[in-house]
Every structure is written in structure tokens, then in C-alpha cells.
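The exercises below ask you to read a structure step by step. Try each task on the structure itself before you turn to its solution.

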Amino acid sequence: MSQPKAIQDEHSPIWLPRLAVHGGPRFLQIADALQAALVDGSLKPGDRLPPQRQLAAQLDVDLTTITRAYDEARRRNLLEGRGARGTYVAAPKVELTPILDLSMNTPPPPDGVDFDDMLKQGLSQVLMSTDNELLMTYHLAGGSDSDRKAGAQWLAPMFGHLDSRQLVVCPGAQAAIAALILALTEPGAVILAEPTSYPGLRAAALQFGRQVIAVEADKHGMVPEMLEAACRQHQPGLVYLNPTLQNPTAITIPERRRKELASIAKRCHVRIVEDDPCWLLADAPPPPIAAFAPEQVYYISTLSKCLTPGLRVAFVLIRDPRERERFLVALRSFALMVAPLSAALATQWILDGSAGGLLEGVRNEARLRHRMARDILAGRYSGAGDGLHVWLELPAYWNSSQLARAADSEGIAVTPAEAFATGSGSVNAIRISLGSIKDRGRLQAGLQRLSHLLARRPEPFSTAVV
């Protein structure tokens, strides 16, 4: 969204946001622009806003749009009414300067997609086509036939035609990882992973009494020779890989190496958990490792990273029916089922094409945000230009925990490399998530603040060990 402009009349500063043609609901654009204007100082507490009819005429929108925008702004504690005197910018509250969260890896809100309308229409279709009692009762884990068919359609770009009976529908990727650990390994078993890897794996392994051991990786991902040596030394129960836009390094393992890793899995009779939430967000990603070793690899694809975190639905491809049943038994021990309403909404969106439209919007928005990060972070940016995050290696005068603390003191949240370490060592880097801040203007402000912080050396007191 372009920056709002303010003009002056004899009564008050008149604030005029510029509305984007494909910027989503206009009332939300106006409320977002108002909040951004408060953050950047172009509007200040006590400023009087234009009367609703006057603003509607100037923006060429109907009065209802302005009324909804002002109501939304009041809900955010941005405005206050003073009776006949009009509407004024409210006094500062905590909500006006929330922390700029660059730590949570979520898909960015897509420009030009009316998510509220999409949600209402999707739920309306679900309620019209489904017995409401079925949406509010227990179901066997694994999903309905319709859910699994939707999953097969979702995975078609990766695998082509799939037998939907080989899919299991789970309440998110974390639940799928935990169930695979329980189903396929014994207490004390070793799980191999890259030195810097998804923290949820380590958390689940620790909870279940399994040991995660790091295998050396390079700029192309896990090193095949090191994997083979580790398999022979440790006899692992599983190998965990996140091969596309890896969390947190953003590395995508190239096709040749995927084939090498698949060959080693076959040769060493070891099974791979391929956690692949960002395949559909990547530009021309290689085929999944599961395509090269279908009997050795368990493939996980979640909707929460591609569409929205609230849609806790993941599809797990397990070819062997006996292992599929073992997985279901493990899953039922802690997560009986996907919430039926969530599963039904995911299925509706996939089958009617809404999920594809939302995915494209998220993909486009992510690319715009990567371009912004590349421009602001200049020589420090090393991303691929897609996905949800940037892995930023730090100058020698900062270490990652230091930088995270310093950023926090300036109202910015980032994730230090230590949070992702599976071994004893850790690279000197931070993960910057680009999707969790809804407004691009606030994201830009956060990245600029972070860039300024990186450019200066830490204060002497901040180097103390705490």
C-alpha cells in the first residue's frame, strides 16, 4: 500500500490513505493505513479525522466502507469519538506500538485476496453440503475419503496421480512428526538430522526419549557421505530432512543430492521423514525425495505454512498399509483426529480451487517481501527470493543471542541460531520471518531498524554472558 498523505484545511489535518486496487477489503486497507500513519508519525494523538461522509466522497467509496473502517480502528483502540466534535486519534496505548515480530514463521497475508469473504463462503459451502452433526462428533483418525482425495489433489504437483488410500490426514505437521517417531522407532533410538534443523523435531524426540544426532551439511544440504557414515555408525531409527526452503537455513537440496540421499536410505535400510511444508512456495523445486525412494520415505505436507496457520491440516504419504496402521495407532494416542470443521474447510477449499488462489497470493506476497528484505539488508541478504524466511549470517562483532537480545530491546523479535541447533555447535546467524507482520509498511520499518542495528557494534555491556 502506498503511504497515506495528509492535507490541511481550516479545521483539521485531513488524512487520506491511497487504496490499492487489489489490496483486499477497503475498510481494512483504511484501518491498516491509519495504524501505519500512527506508527510513522504522520498522524498523532489528538488529530481530528475527516467526517465519514467527507472521507467517503474523497476516496470515492460508499459510506458503509468508511463506517466499517472507523469501527475497526476503534476496535484496535486507535480512535475515539467525541460526540458532535467528531472522531479523533486516540491517546497512545500499548497496541499502537506492538513488537515487530520477525520470529514467527507464518505465511504472509496475500494482497488482493479477501480472506474474510473466502472464509465465509467456504464455511457456508461446508455447512450446506455436510450434515452438521458430523462436523461436531468424533471421527476415526486418518480423514474421510473426501479429505484424502483432496490431499491427493494437493500433492499432485509433487507426485502426479496418487492413490488417496495411501494418505493420512493429520492435525498439523508437528503431530505427524511425533506420530512417526512413536510408530517407527523405539525408546533410545537415534534420529539423524542436519546440524541446524526444525526445533519441533528435537522437542518431540526429547519428549519420547529419542536422541537426535547431527549429520554434517553444506550449502546443498546434508552431505551424502556423512549420512552413510552416520547410518553405519548409529543404526538410526529415522533420518529427518526438510529439503525445500529448509527451516531455518532456506536451503533447497538440489535434485542430484536428493537422489544420492534416497540411494543411501535404500542401501542402509533407513527410513526418511521428509517434512516439506514449503515445496509449493518454491520456484521450480526438485521432485521430493519420496519420488526417488517411495518405500523408504514418509512425506509430510502441511497447509499451515502455505495457506494459514489456523488450518491445522497436514497430509502424510505412507505407502505401506501396515506402517500406515502403526502410524494411525500412534497418532490416536495423543491426537484422535483433525477437527472435523477444519478438515472439511480444507477439503472444500482444495476441491473448489480457493486453496490454489490463496496459495498463489501467498507466493506472490512472499516474493515481494523477499525483494524488500534484499533491498534493505543489502549485502547481508542471501535468500533464494521465495519462501517464508531469510537466514542471515551475522558480522563477527555480533553473536546471534546478543543480536536477538539487542533487537528485542528495540521492539523487534528475531530467532537466534541456537534455537535450531541439533548438535553442540551453532552457526552465527538469525532467522528473519517475513510473513508474521501483516502490514508491509511495518515490516519495512522492522527490517530497516534491524539493518541499522546490524551496522553498529554492540555496546560493551551487551557482550556479558547471561
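Contact, a term used throughout these exercises, means heavy atoms within 4.5 Å. Helices (H or I, at least four residues) and strands (E, at least two) are DSSP runs, numbered from the N terminus. The model is a predicted one, in which local features need pLDDT of at least 70 and side-chain atom pairs count only at pLDDT 80 or more, while totals for chains, interfaces and linings use all residues. Residues are numbered from 1 along each chain as its sequence is written, and side-chain values use heavy atoms, with hydrogens and water left out.

**Exercise 1. Find the buried residues of helix α14 and state what covers them.**

Solution. Start with the term itself: buried means under 20% relative accessible area, exposed means over 50%, and partly exposed lies in between (1.4 Å probe, protein chains only). In helix α14, which spans residues 400-409, the buried residues are Ser 400, Gln 402, Leu 403, Ala 404, Ala 406 and Ala 407. Their cover includes the strands β16 (412-413), β17 and β18, together with α15 (440-455). Just after α14, Gly 411 takes a positive phi of about 80°.

Ile 99 itself is found in the loop between β4 (87-89) and β5 (100-101), and it is partly exposed, with a relative accessible area of 41%. The C-alpha atoms of Ile 99 and Glu 410 are separated by 8.6 Å, although these residues are 311 residues apart along the chain.

**Exercise 2. Work out the order of strands in the open sheet that contains β18.**

Solution. Two strands pair if DSSP finds at least two bridges between them. Five bridges join β15 to β18, and these two strands run antiparallel; within this pair, Val 390 has Ile 432 in β18 as its bridge partner. On the other pairing, β17 and β18 (residues 429-433) are joined in the antiparallel sense over two bridges, with Pro 416 opposite Ile 430 in β18. The order is therefore β15-β18-β17, an open sheet of three strands with antiparallel pairing. The edge strands are β15 (389-393) and β17 (415-416), each of which pairs on one side only.

**Exercise 3. Decide whether strand β13 is enclosed or open, and name its partners.**

Solution. Six of the six residues of β13 (residues 297-302) are buried, so the strand is largely enclosed by the rest of the structure. Val 297, Tyr 299 and Ser 301 lie on one side, with Tyr 298, Ile 300 and Thr 302 on the other, and both faces are covered. Strand β12 (residues 272-275) pairs with β13 in the parallel sense over four bridges, and Ile 272 stands opposite Val 297. Strand β14 (residues 314-317) pairs with β13 in the antiparallel sense, also over four bridges, and the bridge partner of Ile 300 there is Val 316.

**Exercise 4. Describe how helices α4 and α12 pack.**

Solution. Two packed helices are described by the angle between their axes and the distance between the axes. Axes are lines fitted to C-alpha atoms, for helices over the stretch in contact, and angles run from 0 to 180 degrees between N-to-C directions. For α4 (residues 115-129) and α12 (residues 340-352) the angle is about 105°, and the axes are 9 Å apart. Angles under 35 degrees count as roughly parallel, over 145 as roughly antiparallel, 65 to 115 as roughly perpendicular and the rest as oblique, and α4 and α12 are therefore roughly perpendicular to each other.

Finally, list the contacts: residues of α4 including Phe 115, Met 118 and Leu 119 meet residues of α12 including Leu 341, Leu 345 and Trp 349.
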